[in-house]
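Subject: Two-chain model, handover

Hello,

Here is the structure I said I would pass on. My notes on what was found in it follow below.

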Amino acid sequence: MSNDIMSDEIKQDDLKVLMFNPFKAWKNMYFVSEEALTAITRKAVETTMFANSVDVILNSYLQYLKLQNEVSNYIAETLPFSSHRDTARVAKMLTALENKVDHLDEELFTELYDLKEDTAAILESITPVPANVSGEVEAGLAEQMNQQIKITEALLDKISGLELAMEEMKASLLELKAKPKPAARKSKKTTTE
Amino acid sequence: MERIFQAHSPGEAGEILQQNWEHWLMTTTRWREILSYDPRPATGCSPKETLWTKNKAQLYHYQTSSERRYRTPVLMIYALINRPYVLDLTPGSSLVEYLVNEGFDVYLLDWGEFEWEDRDITYADLVYDYIATAARKVARSAGSKEISIIGYCMGGTMSTLYAALFNRPVLKNLVYLAAPIDFNRAGTYDVWLKAPGYDPDRIADTMELVPKSFIDWGTRMLNPMANYWGTYTRLWKTLEEGKSVHFWKVLNKWSSDNVNFPGGAYRDWIRDFYQGNKLIKNQVILRGKRVQLQRIKANILAMVGLRDHIVMPHQTAAALTYLGGNDKTYMEFPVGHGGLVLGETARMQVFPEIAYWLGERSEILSEE
């Protein structure tokens with residue numbers, strides 16, 4: 001192999017590279033062997049024998065972990081402090097609250113969207129009053145329209161109120177999130193990394 | 001050794017050997033420095049705002065000063081392994097940046113880091129509470145009734161679950177980047193995860209929150225020599241050859257930045273997908289609804305790496321067979337799993353193909 005390396009070097013016309021470079025030779029040799037080793041290890045981990053032996057170790061570890069979990073849970077339950085499970089329960093409640101806010105937001109958006117569509121449809125359906133309609137009928141129509149407008153305005157007020165309430169809820173949630181969380185006690189069973 | 005003296009006097013040869021030795025020492029010292037205390041490079045640098053948050057997840061909306069060309073927004077869904085900033089790794093090597101510059105309105109769902117309270121999260125939760133909501137937010141933000149989704153690796157599988165269950169907003173285009181659909185003949189994972197002693201229920205029940213070290217080990221052991229040793233010798237070689245190590249540092253940061261896996265989702269992933277191969281059999285049921293692949297009518301682009309040893313090309317290609325819809329495209333590239341979003345092939349071939357394919361199938365913004 002070193003002959004190949006040397007002849008490669010000689011092909012280059014620079015005087016400097018005529019010199020045998022032990023560092024380069026070592027580097028080339030190393031990377032060729034690394035390639036071979038990579039192929040060998042990849043083949044080795046693909047075998048069922050490897051998988052089975054890893055599973056034996058894994059299952060023994062899981063058995064140990066289960067026992068450790070049981071012991072530490074028992075201890076955590078008897079101590080007068082909140083455990084990491086308790087903290088997690090609170091965090092889960094917050095996530096559930098977020099879900100609810102998301103659903104409300106979705107519903108509100110859908111309602112608003114539908115309202116917008118309906119309003120457009122109403123506007124389209126209102127045709128100008130024909131010239132031959134008497135003044136009395138015209139006044140009646142105007143009264144009806146006024147009522148519709150009042151209803152729509154009331155609806156819009158309600159929606160604005162809802163939007164405000166949601167903004168406030170979001171702000172409180174963000175505030176709650178930003179607050180420093182109580183440091184969860186580290187339990188060996190969950191801190192395997 | 002004869003040749004040392006062929007072109008040089010013994011004095012010159014000694015000087016050259018000395019120089020080589022010093023270079024060797026210098027690069028080795030620098031190698032040690034990089035591994036021990038060099039600052040981690042910046043990643044995920046494209047300007048963005050957070051459109052929505054839920055639990056630890058964040059939905060990013062990427063900002064641009066250039067003109068938007070397409071109304072149909074693009075939502076990227078990443079896997080639960082490692083972090084999604086691989087899609088926006090570093091300027092010049094970022095799928096997000098490329099698509100934004102091409103005029104797309106780009107969004108990315110970052111799952112965040114799962115903690116103890118998230119241990120019961122299942123795929124049903126991820127699809128219904130996260131992806132579906134994110135999709136609606138994206139459509140609303142973009143003012144579009146249609147969206148496109150790019151799913152990378154497991155993110156592609158999750159996108160499929162979403163696509164089969166939700167009609168609104170309309171999923172116009174679905175891009176798979178090395179995403180497994182068929183879990184049969186899954187390479188090394190097939191041997192490991194179907195071994196008689198491997199019980200995902202036991203793992204999920206005992207660990208509850210599957211630690212990132214366990215997930216990391218499983219991924220790295222697919223190619224132990226390259227991942228545990230070769231990574232570091234490659235760094236030394238790069239230094240020794242005087243090349244830039246920035247990209248190595250960026251890649252190393254991402255590959256070692258893993259997250260915990262919720263036990264509930266882990267159980268689903270191994271038992272239903274790898275062991276049961278239920279997706280292509282239409283046997284996956286989420287919150288009482290069956291995932292039927294034929295219901296997906298979106299245009300499909302399936303991209304695979306021919307040297308991928310994590311998701312085999314045929315696993316992604318199965319999308320063309322099992323999904324509904326008529327517009328399906330399949331592309332192969334001579335790269336590994338990460339090569340579809342990292343490196344020169346990604347920059348020069350994959351990104352332009354995605355942009356072109358999406359551009360042809362997205363609503364163009366009319367000039368007002």
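Predicted model: local features only at pLDDT ≥ 70, side-chain atom pairs only at ≥ 80, totals over all residues.

Of the 193 residues in chain A, 4% count as buried. Among the contacts in chain A with a separation of 6 or more, 72% are between residues 24 or more positions apart.

Next, the interface. Chain A puts 37 residues in contact with 40 residues of chain B. On the chain A side, the elements that give two or more residues are helix H2 (22-45), helix H3 (48-78) and helix H4 (84-125). By residue class, that side of chain A divides into 15 nonpolar, twelve polar and ten charged residues.

One element of chain B deserves a separate note: helix H6, residues 200-207. Which of its residues are buried? They are Ile203(B), Ala204(B), Thr206(B) and Met207(B). The cover over these buried residues comes from both chains, and includes helix H3 of chain A as well as strand S9 (209-210) and helix H10 (263-275) of chain B. Just after H6(B), Glu208(B) takes a positive phi of about 65 degrees.

Regards

Notes:
Residues numbered from 1 in each chain as written. Chains lettered and ligands numbered in written order. Buried ≥ 20, exposed ≤ 12 C-beta atoms within 10 Å, placed from the backbone. Helix = DSSP H or I, 4+ residues; strand = E, 2+ residues; numbered from the N terminus. Contact = placed C-beta atoms within 7 Å. Nonpolar A, V, L, I, M, F, W, Y, C, P; charged D, E, K, R; others polar.
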